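Here is a short briefing on one protein model. Keep the structure open as you read.

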Amino acid sequence: MHSILIVDDNQDILDSLKLFLTRANYKVLTATNGEAALTICQARLPDLIVSDVNMPVMDGHDFVKQVRRIKGGSHLPIVFLSARTAAHHIKEGYTSGVDNYICKPITRKDRPVVLAMLEQLIAK
């Protein structure tokens with residue numbers, strides 16, 4: 001079973017994504033900020049990370065940069081999930097080193113597309 005780490009400071013989003021991905025047969029880990037997520041990654045890298053950009057303690061950009069320095073982290077698929085939808089925010093996300101960028105909110109009709117994208121990233 002593949003593992004996905006979800007990093008978001010919004011508990012409702014964490015709970016919703018955890019339920020969605022657990023039902024899709026993934027082991028789901030959660031963290032509410034980049035620092036806590038980095039601790040999880042240092043202990044054992046998940047198969048994929050979905051992270052918010054704006055978070056307390058350590059934001060998504062710094063978190064991604066730190067994960068990329070961990071052994072095995074340079075090839076780990078990372079996706080930003082953010083309400084920041086302007087083109088310059090998305091470009092900044094890719095510049096930080098993420099593999100894909102999803103704009104919040106994820107609606108029910110978006111879920112099959114999001115799931116297919118995550119599955120494709122894990123399969124690489």
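K91 sits in helix α4; helices are DSSP runs of H or I with at least four residues, strands are runs of E with at least two, and both are numbered from the N terminus. At 60% relative accessibility, K91 counts as exposed. Exposed means over 50% relative accessible area, buried means under 20%, and partly exposed lies in between, with a 1.4 Å probe and protein chains only. The C-alpha atoms of K91 and Y101 are separated by 9.2 Å, and the two residues are 10 apart along the chain.

The model is predicted: local features need pLDDT of at least 70, side-chain atom pairs count only at pLDDT 80 or more, and totals for chains, interfaces and linings use all residues. Residues are numbered from 1 along each chain as its sequence is written, and side-chain values use heavy atoms, with hydrogens and water left out.

**Overall build**

- The protein has five helices and five strands.
- Read from the N terminus, the elements run β-α-β-α-β-α-β-α-β-α.
- The radius of gyration is 13 Å, close to the 14 Å that the globule rule gives for 124 residues, so the protein is as compact as a globular protein of that length. This radius is taken over C-alpha atoms, and the globule rule is 2.2 Å times the number of residues to the power 0.38.
- Along the principal axes, the C-alpha atoms fill a box of roughly 35 × 35 × 30 Å.
- Of the 124 residues, 43% count as buried.
- Take the contacts between residues at least 6 apart in sequence: 58% of them join residues at least 24 apart. A contact means heavy atoms within 4.5 Å.

**Surface and charge**

- The accessible surface comes to about 6800 Å², and 51% of it belongs to carbon and sulfur atoms. These areas come from the Shrake-Rupley method with a 1.4 Å probe; for residues, only the protein chains shown count as cover.
- The protein has 15 positive and 13 negative charges, and their mean positions are 5 Å apart. Lys and Arg count as positive, Asp and Glu as negative, while His and the chain ends are not counted. Each charge is placed at NZ of Lys, CZ of Arg, CG of Asp or CD of Glu.

**The aromatic pair**

- The structure holds one aromatic pair.
- F80 and Y101 form this pair, which is edge-to-face: 6.2 Å centre to centre, with 85 degrees between the planes.
- The pair links distant parts of the chain, with F80 in strand β4 (residues 78-82) and Y101 in strand β5 (residues 100-103), 21 residues apart.
- Rings of Phe, Tyr and Trp (its six-membered ring) pair if their centres lie within 6.5 Å; planes under 30 degrees apart count as stacked, over 60 as edge-to-face and the rest as tilted.
- Are the two partners buried or exposed? F80 is buried at 0% relative accessible area, and Y101 is buried at 10%.

- S96 belongs to helix α4 (residues 87-96).
- Its relative accessibility is 11%, so S96 counts as buried.
- Leaving out residues up to four places away in sequence, S96 touches H61, V64, K65 and F80.

- D12 lies in helix α1 (residues 11-23). D12 is exposed, with a relative accessible area of 61%.
- D12 and P46 are 34 residues apart along the chain, and their C-alpha atoms are separated by 22 Å.
- T30 is part of strand β2. At 32% relative accessibility, T30 counts as partly exposed.
- Which residues does T30 touch, not counting residues up to four places away in sequence? They are L5, I6, L14, K18 and I40.
- From T30 to L14 is 7.0 Å, C-alpha to C-alpha, while the two are 16 residues apart in sequence.

**Backbone details in the loops**

- N25 has a positive phi of about 75 degrees, although it is not a glycine. N25 is in the loop between α1 and β2 (27-31). N25 is exposed, at 56% relative accessible area.
- V57 has a positive phi near 70 degrees and is likewise a residue other than glycine. V57 is found in the loop between β3 (48-51) and α3 (60-69). V57 is exposed, at 59% relative accessible area.
- K104 and P105 are joined by a cis peptide bond, with omega about -5 degrees. P105 is in the loop between β5 and α5 (111-123).
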